[in-house]
Amino acid sequence: MNSTTPINKTSLLFVCLGNICRSPAADAIMHKIVKDAGEEDCFLIDSAGTYGGHAGSLPDPRMRAHGARRGYVFDHHSRRVTADDFDRFDYIFAMDDANFDDLRRLAPTIEGRDKVLRIADFFEHYQMDCVPDPYYGGADGFENVLNLLEDACEAIYKKIKGGEL
């Protein structure tokens, strides 16, 4: 926990490349999980990208449409990861190995670098090593990403609540 996070508030940052598909989906899924548990005041949840070319944009319309069918609201505006994020957040989840490597390079301190985790390490029901980018694929890709992120976010929530993370 750091000095900018209120006591008893766990802070989570989800990161992909452009912050328009995977990371805002993880952000929305985790928000829904903590809201459904009545624990919104216990978490700070956000998302960002390692690339800033989509800054200010809403998530991809296809991701918003697929997420809406599952009850998710994707209203986050894309932003690029900043050095302050490594102080502000307790855990930073990378969607794939390229994001993981980029985040570890961007971390201004060893402590910040140690906060970077692979979200795939939290899959309970899938044998995959990343959350693939659905941007250039079809509808199945977006559905697959949502399935993977629901699985990982549920596991992350359980580990935090169980004191394992």
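What share of the contacts in the protein with a separation of 6 or more is accounted for by residues 24 or more positions apart? In this predicted model, such residues make up 73% of the contacts in the protein with a separation of 6 or more. The secondary structure consists of six helices and four strands, and these elements follow one another along the sequence in the pattern β-α-β-α-α-β-α-α-β-α.

The overall dimensions were examined next. Because a compact globule of 165 residues would have a radius of gyration near 15 Å, the value of 15 Å found for the protein agrees with that expectation. Along the principal axes, the C-alpha atoms fill a box of roughly 40 × 35 × 30 Å. Of the 165 residues, 48% count as buried, while the accessible surface of the protein comes to about 8100 Å², with carbon and sulfur atoms contributing 48% of that area.

Asn 19 is located in the loop that runs between strand E1 (10-16) and helix H1 (22-36), and its phi angle is positive, at about 60°, although the residue is not a glycine. The relative accessible area of Asn 19 is 0%, and since a residue counts as buried when this value is under 20%, Asn 19 is therefore classed as buried.

Definitions and conventions: Residues are numbered from 1 along each chain as its sequence is written. This is a predicted model: local features need pLDDT of at least 70, side-chain atom pairs count only at pLDDT 80 or more; totals for chains, interfaces and linings use all residues. Side-chain values use heavy atoms; hydrogens and water are left out. Helices (H or I, at least four residues) and strands (E, at least two) are DSSP runs, numbered from the N terminus. The radius of gyration is taken over C-alpha atoms; the globule rule is 2.2 Å times the number of residues to the power 0.38. Buried means under 20% relative accessible area, exposed over 50%, partly exposed in between (1.4 Å probe, protein chains only). Contact means heavy atoms within 4.5 Å. Accessible areas come from the Shrake-Rupley method with a 1.4 Å probe; for residues, only the protein chains shown count as cover.
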